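Please keep the sequence and the 3D view open while reading.

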Amino acid sequence: MALHRRLAALWRNLLHRQGAERELDAELESYVAMLAEERERAGMSAGDARRSALIEAGGLEQVKEDVRDVRAGVLIDTIAQDIRYGARMLVKSPGFTIAAVIALALGIGATTAILSVVDAVLLRPLPYEHPDRLVVILHHGTDPVAPANFLDWREQSKSFAAMSAAEYWTPNLTGADKSEKLWALKLTTDMLPMLGVHPLMGRVFAADEGEPGRDHEVVLGYGLWQRRFAGNAKIVGTEVTLNGEAYTVVGVMPGTFRFAPFWATKSELWVPMSLASQSTQRGGNSLRIFAQLAAGVSLAQARADIAAITARLRQEYPGTNGDVRVVPLKDRVVGDVRPALLVLLGAVAFVLLIACANVAHMLLARAAARQREIAVRTALGASRSRIVRQLLTESVLLGALGGVVGLALAALGIRVLVALGPSSLPRVETIGLDGRVLLFTLAVSLLTGVGFGLVPAMQASVLNLSESFKEGGRAGSEGVRRNRLRSMLMASELALALVLLIGAGLMIRTFVALQQIDPGFDPRGVLSMTVGVAGSAESAPGRRGPFYQQMLERVRALAGVRSASAINHLPLAGDTWGWAYWIEGQPLPKPGETPTAVYRVVMPGYFKTMGIPLQRGRDVHESDAMGAPRVIVINEQLAQRAWPGQNPIGHRISLQKPTSDSVWMTVVGVSKNARQEDWAAPAQAEVYLPVLQNRSYLEDDGAHVAYMTLVLRAGDDAAAFAPRVREAIWSIDRGVAVSEVQTMRQVVADATAGPWFYLLLLVVFASVALVLAAVGIYGVMSYAVTRRTHEIGIRLALGAKPSDVLRLVVGQGMGVALAGAGAGIIGALVLTRLMSGLLYGVRASDPVTFAGVTALLCAVAFAATLIPARRATRIDPIQAMKNE
Amino acid sequence: MPPTKTNLLQGTLDLLILKALSLGEMHGLGIARRVGQITKGAFDVKPGSLFPALHRMEEEGWLSSSWGESSNNRRAKYYRLTAAGKKQLKTEATHWGRIAVAMSLALKT
């Protein structure tokens with residue numbers, strides 16, 4: 001009842017304010033009239049009676065104000081009033097408003113954009129069932145596992161609700177018009193149920209599928225289904241041809257489904273896998289193991305469980321089960337980018353803080369200019385809290401405006417981020433503005449409004465009334481406290497900007513260092529593409545070798561092609577297989593310590609085509625074919641490791657454990673080290689075998705040996721050769737799949753895209769910070785000069801030279817700037833250590849960067865101080881004092 | 001004991017207004033006069049505290065108001081107790097009574 005009445009009162013007060021006001025007027029008027037009548041009856045004259053009644057009523061306006069204050073909704077009312085008033089004040093000084101909104105929008109926009117990336121990539125749970133309980137079990141936490149080991153772990157462990165394996169597969173989708181090499185995964189049948197993702201159509205694999213004879217079934221990804229099958233609603237139950245064999249489509253996954261999340265991320269079809277035939281295979285490591293912790297089992301327990309099992313297996317099968325790690329799936333997915341993203345988040349937070357500091361001292365200066373207005377309001381009875389509330393409303397309004405513009409910037413920024421983001425950035429497809437991010441932006445906008453507004457508002461509301469009136473609009477001497485506050489804001493802006501600039505500087509040095517890495521090959525004018533024979537007539541044993549040779553002949557015959565060759569896995573872009581090797585005449589290594597080399601298989605002329613210099617010996621020749629003596633080319637790294645200080649040419653290597661009938665290959669060439677998997681990683685030992693002597697590559701069934709990567713050297717316009725080269729290949733057989741057409745320049749650019757992306761962002765943020773800081777210093781110094789016009793005028797009148805004035809103003813500004821720079825250097829020393837993982841070839845405390853960037857910042861600060869200082873020297877003393 | 005200026009606590013003023021109106025509906029000046037009467041002049045209610053109190057109490061739902069004619073044919077706003085107001089008067093009177101007894105006991109010893 002009471003609530004109902006209060007709501008009714010609120011309604012009336014807010015919507016019928018004028019009615020309520022009129023009624024109050026009438027009520028008080030009748031009160032005064034009756035009081036006057038009473039006085040008249042007591043013998044006063046009519047005039048006196050009315051006057052005394054009014055005096056007794058004690059100021060009708062005050063009474064009305066008091067009545068208004070007890071009314072329901074008075075708070076809403078004053079807030080609305082404050083907002084209207086604030087908006088009016090902002091409109092009245094558009095220059096200030098626009099500058100503040102731009103600064104805030106930059107800060108809020110950048111923060112929102114980066115936060116939406118961090119949210120999508122780092123914070124959100126993986127889109128599977130029980131995402132927090134999913135782990136991967138891999139050698140060193142990264143490398144694949146042998147089938148027999150997986151089967152033992154699954155059987156012997158007790159910590160997991162489920163454990164499944166995935167294996168990479170690249171089948172050719174044939175039939176229809178053109179063949180296409182696809183990214184796929186073979187999965188043990190319990191994988192998809194463990195992930196708990198339901199198919200859009202059809203079903204996932206049943207437990208007994210994957211057994212030989214029942215393994216030709218396939219679940220399609222949404223993208224592939226749309227692209228190749230036009231979203232055919234009746235696809236389930238039909239057959240598709242993979243590597244020339246018929247597979248039945250049993251289901252289609254929803255568009256949001258991605259698997260696996262950290263490797264083979266482009267997979268868009270999944271087939272069942274049986275490990276029955278490999279149950280004793282402990283050598284070839286090809287499986288990635290995914291498992292779900294049983295409810296209530298901690299990661300530590302699961303680790304102990306796996307550690308115990310692998311220790312036992314190591315005893316039983318020496319040389320296997322080394323360094324097996326259980327890692328949360330999420331860590332495996334985002335672990336590599338987490339530091340970089342957190343650095344970026346820190347950077348945008350700095351930009352936001354600088355923007356806030358900037359707007360804060362704009363507000364301080366404005367508050368000083370508004371002293372008179374505030375004094376008038378105080379004199380009219382506004383309380384201090386009322387003034388603070390009014391000023392805060394204004395700054396929150398500014399924050400909200402900045403938020404709206406910032407949001408637009410963020411929407412734009414996110415698009416750019418997604419477009420530029422390196423392919424190593426996981427879950428990039430989920431990045432976008434959404435409710436969570438919007439809520440954050442709202443909170444940030446309001447908080448920044450309060451953050452930069454509170455101190456100036458508190459300052460402004462403390463003022464000496466009589467002082468303000470006495471001085472009027474005159475430039476009075478500034479309060480020491482306010483001055484100190486302004487200097488602190490300016491110094492902290494500079495300090496924050498310096499930290500950002502140093503971070504950006506370190507990234508630039510990193511990038512330069514990365515650019516100076518010698519790839520070991522000459523990427524200019526080289527085009528590459530993957531050529532898959534699986535499923536075509538060329539796949540047959542006895543056909544593959546001639547096909548590859550014929551392909552190279554036709555490509556070399558194209559006008560403008562200088563040379564052409566092929567390799568199994570392209571450096572930087574392709575897979576890298578580790579392969580154990582043994583050196584003839586050297587003692588056998590201990591079990592588990594056999595060295596490995598990156599395993600490459602090449603066509604003749606590979607080194608010439610790629611521009612990899614040979615230090616000794618020769619390239620692979622056409623004559624290095626079946627029946628000819630087995631030869632091998634090794635890289636410098638292997639030569640130094642196996643034959644330090646000797647010439648390895650003529651020595652022999654085996655890729656099988658030496659026995660009486662081992663195949664020994666004679667080293668015929670030593671190449672310079674070429675980049676392998678990571679751009680910045682040190683070179684590992686590497687072997688190059690002629691394809692034409694490699695039975696596995698010429699005859700084996702497996703999809704992993706049924707393709708080669710064609711490389712050709714043409715002019716600078718290598719990319720333009722793609723259509724002609726493709727036609728040349730298809731002129732032999734249209735069933736061959738050609739994919740991943742890219743220039744080596746692109747490959748190199750992709751390999752360095754991660755650092756480039758972070759560099760770009762940091763440089764953008766640091767530049768914004770520098771501009772904001774420069775504008776801030778300029779603003780503070782201009783304001784200081786304006787406030788001191790009178791004083792400077794007197795100094796000049798008393799004989800100070802313009803150079804003295806210049807020194808005075810610049811000295812004041814640079815004093816603050818240097819203090820800020822000092823704080824910034826200390827901050828940077830602490831903070832840049834957090835980004836040492838992103839750096840290459842430069843230390844986090846690199847003195848050159850620190851000195852250079854600090855000098856740059858001081859120069860900018862000097863320039864920003866000089867302009868107002870020069871203006872100060874031109875002050876006309878007479879004019880300055882006349883204005884008093 | 002001579003009447004002295006007493007600082008009216010808000011609760012006291014509310015109670016006095018409720019008590020004054022318990023005798024029938026009244027306009028603002030009438031309430032002020034009646035409070036003076038029943039407290040033998042100890043309380044002189046000024047409009048600055050009277051009207052905010054009346055409006056607040058009306059919004060609380062203890063009072064209702066309507067416009068009417070005064071004895072001198074003047075339009076005036078009349079206040080009367082609602083059922084909630086009568087209940088409030090009873091609660092506050094009891095409460096006040098308890099405080100008064102306790103206070104006088106405390107001051108006697």
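A nonpolar core is here a set of buried Ala, Val, Leu, Ile, Met, Phe, Trp, Tyr and Cys residues that are joined through C-beta atoms within 7 Å, and a residue counts as buried if 20 or more other C-beta atoms lie within 10 Å of its own. The model is a predicted one. With that definition in hand, the largest nonpolar core comes to 240 residues, among which A:Val351 and A:Ala769 touch the most other members.

**Nonpolar cores**

- In soluble globular proteins, nonpolar side chains tend to be buried together.
- When residues up to four places away in sequence are not counted, A:Ala769 touches A:Phe350, A:Val351, A:Ile354, A:Leu496, A:Ala497 and A:Leu500.
- A second, separate core has 29 residues, and it includes residues of both chains, among them A:Ala49, A:Ala53 and A:Val63 together with B:Phe51.

**Overall form of chain A**

- The secondary structure of chain A consists of 28 helices and 24 strands.
- Chain A is more spread out than a compact globule, because its radius of gyration is 38 Å, whereas the globule rule gives 29 Å for 884 residues.
- Along its principal axes, the C-alpha trace of chain A spans about 135 × 80 × 55 Å.
- Of the 884 residues in chain A, 42% count as buried, and among the contacts in this chain with a separation of 6 or more, 83% are accounted for by residues 24 or more positions apart.

- Chain B contains four helices and three strands, which follow the pattern α-β-α-α-β-β-α when read along the sequence.
- Buried residues make up 28% of the 109 residues in chain B, and 49% of the contacts in chain B between residues at least 6 apart in sequence join residues at least 24 apart.
- The contact between the chains takes 19 residues from chain B and 21 residues from chain A.
- On the side of chain B that touches chain A, helix H2 (28–38), helix H3 (47–60) and strand S3 (75–81) of chain B each supply at least two residues, and H3(B) gives the most, with eight residues.
- By class, this side of chain B has six nonpolar, six polar and seven charged residues.

- Helix H6 (residues 94–123) and helix H15 (residues 435–461) of chain A pack at an angle of about 145°, with their axes 10 Å apart, and the crossing of H6(A) and H15(A) is right-handed.
- The residues of H6(A) that make this contact include A:Leu104, A:Ile108, A:Thr111 and A:Leu115, and those of H15(A) include A:Val437, A:Phe440, A:Thr441 and A:Val444.
- Taken together, the residues of the contact of H6(A) with H15(A) divide into six nonpolar, six polar and two charged.
- Helix H7 of chain A, residues 147–156, is mostly covered, with seven of its ten residues buried.
- The buried residues of H7(A) are A:Pro147, A:Asn149, A:Phe150, A:Leu151, A:Asp152, A:Trp153 and A:Arg154, and what covers them includes strand S1 (134–139), strand S2 (160–169), strand S11 (287–293) and helix H10 (299–316) of chain A.

**Backbone details in loops of chain A**

- The peptide bond from A:Phe259 to A:Ala260 is cis, with omega near 0°, and A:Ala260 has its place in the loop between strand S9 (245–252) and strand S10 (269–272) of chain A.
- A:Ala230 has a positive phi of about 50° although it is not a glycine; A:Ala230 lies in the loop between helix H9 (222–229) and strand S8 (239–242) of chain A, and it is exposed, with 9 other C-beta atoms within 10 Å.
- A:Asn321, also a residue other than glycine, has a positive phi near 60°; A:Asn321 is placed in the loop between H10 and strand S12 (324–328) of chain A, and it counts as buried because it has 24 C-beta neighbours inside 10 Å.
- A:Pro629, in the loop between strand S18 (614–617) and strand S19 (631–635) of chain A, counts as exposed, with 11 C-beta neighbours inside 10 Å.
- The C-alpha atoms of A:Pro629 and A:Gln693 are separated by 8.9 Å, although these residues are 64 residues apart along the chain.

Conventions
Residues are numbered from 1 along each chain as its sequence is written. Chains are lettered from A and ligands numbered from 1 in the order in which they are written. This is a predicted model: local features need pLDDT of at least 70, side-chain atom pairs count only at pLDDT 80 or more; totals for chains, interfaces and linings use all residues. A residue is buried if 20 or more other C-beta atoms lie within 10 Å of its own, exposed if 12 or fewer, and partly exposed in between; C-beta atoms are placed from the backbone. Two residues are in contact if their C-beta atoms, placed from the backbone, lie within 7 Å. Ala, Val, Leu, Ile, Met, Phe, Trp, Tyr, Cys and Pro count as nonpolar, Asp, Glu, Lys and Arg as charged, and the others, Gly among them, as polar. Axes are lines fitted to C-alpha atoms, for helices over the stretch in contact, and angles run from 0 to 180 degrees between N-to-C directions. A crossing is left-handed if the near helix is turned anticlockwise from the far one by less than a right angle, and right-handed if clockwise. The radius of gyration is taken over C-alpha atoms; the globule rule is 2.2 Å times the number of residues to the power 0.38.
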